[in-house]
Amino acid sequence: MTKEYGKPTADRGEASPDRASFHDIQIQRLKRLRPELKTHGCRKAIRKAVCSDLRNMEEEEFNEQFAEIRFVPDAYYINEKELVVYIYEVEVSNPITLDKMHKYVDLMWLLDNEEWALLVTRVDKHGQPIPLDLFSWETDSVAAQAEKQKSRD
């Protein structure tokens, strides 16, 4: 929940325009374009959807691993028929942090283990959706870490 003028907005996705931050307005716009998006309860919804269709893990094992991945997206949608979790991150003034990217990569691998897909889309300050390639990002991140370690040695 964001605060503006000392008062919290009603709902990140449905705040009144006169009190909403620019970030909230971008989320409202995104929800108008994609009415299936939700702004609350993402982790609970993922757990429920994936656990109802576990293929490779026991529910307890999945829940233990999932509990370690803490994140709160701006908006999400779960397509249980196609086994896909869509996550949207609105970047108005703050880009997605490295920590959050690592969490999404961890989530991608956890879901992949259960034959689900994770698609993360960032929405820039102009409202343009930009899909993130988490696999390539992880590969580049690992390569950068290896280079950094090599230069230290």
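Me: Which residue of E6 stands opposite Val123?
Reply: Val123 has Pro129 opposite it in E6. The model is predicted, so local features need pLDDT of at least 70 and side-chain atom pairs count only at pLDDT 80 or more, while totals for chains, interfaces and linings use all residues. Residues are numbered from 1 along each chain as its sequence is written, and side-chain values use heavy atoms, with hydrogens and water left out.

Me: What makes E5 and E6 a pair of strands?
Reply: Two strands pair if DSSP finds at least two bridges between them. E5 (residues 117-123) and E6 (residues 129-132) are joined by 4 bridges and run antiparallel, so they meet the criterion. Their hairpin has 5 residues between the strands, and Gly127 takes a positive phi near 85° there.

Me: How many helices and strands does the protein have?
Reply: There are 5 helices and 6 strands. Both are DSSP runs numbered from the N terminus (helices: H or I, at least four residues; strands: E, at least two). Along the sequence the pattern reads β-β-α-α-α-β-β-α-β-β-α.

Me: Why is strand E3 described as mostly covered?
Reply: Buried means under 20% relative accessible area, exposed over 50%, and partly exposed in between (1.4 Å probe, protein chains only). In E3 (residues 75-79), 4 of the 5 residues are buried. For the protein, buried residues make up 39% of the 153 residues.

Me: What joins E3 to E4?
Reply: E3 and E4 (residues 84-90) are antiparallel and joined by 5 bridges. Tyr76 has Ile87 in E4 as its bridge partner. The two strands form a hairpin with 4 residues between them.

Me: Why is Leu83 counted as buried?
Reply: The relative accessibility of Leu83 is 13%, and buried is under 20%, so Leu83 counts as buried. Leu83 is in the loop between E3 and E4. Its phi is near 60°, a positive value in a residue other than glycine.

Me: Which class does Glu115 fall into, buried or partly exposed?
Reply: Glu115 has 44% relative accessibility, so it counts as partly exposed. Glu115 also has a positive phi, of about 65°, without being a glycine. It is found in the loop between helix H4 (98-113) and E5.

Me: How many aromatic pairs are there?
Reply: Rings of Phe, Tyr and Trp (its six-membered ring) pair if their centres lie within 6.5 Å; planes under 30 degrees apart count as stacked, over 60 as edge-to-face and the rest as tilted. By this rule there are 5 aromatic pairs.

Me: Why is the pair of Phe66 and Phe71 called edge-to-face?
Reply: The centres of Phe66 and Phe71 are 6.4 Å apart and the angle between the planes is 75°. The distance is within the pairing limit and the angle is over 60, so the pair is edge-to-face. Phe66 and Phe71 are both buried.

Me: What makes the pair of Tyr77 and Tyr86 stacked?
Reply: The pair of Tyr77 and Tyr86 has 5.9 Å centre to centre and 25° between the planes. That angle is under 30 degrees, so the pair is stacked. Tyr77, at 27% relative accessibility, counts as partly exposed, and so does Tyr86 at 22%.

Me: Which residues form one aromatic cluster?
Reply: The cluster consists of Phe62, Phe66, Phe71 and Tyr104.

Me: How do you know that Arg43 lies over the face of Phe66?
Reply: A charge sits over a ring if NZ of Lys or CZ of Arg is within 6 Å of the ring centre and within 35 degrees of the ring normal. Arg43 lies over the face of Phe66 at 4.4 Å from the ring centre, so the distance is inside the limit. Arg43 is in helix H2 (residues 42-51). With a relative accessible area of 16%, Arg43 is buried.

Me: Which residues line the largest pocket?
Reply: The lining includes His23, Asp74, Glu89 and Lys100. By class it has 4 nonpolar, 4 polar and 4 charged residues. Ala, Val, Leu, Ile, Met, Phe, Trp, Tyr, Cys and Pro count as nonpolar, Asp, Glu, Lys and Arg as charged, and the others, Gly among them, as polar.

Terms used
On a 1 Å grid over the protein atoms alone, a cavity is a set of points where a 1.4 Å probe fits but cannot get out, and a pocket is an open set with protein on both sides within 12 Å along at least five of seven lines; lining residues have an atom within 4 Å of a point.
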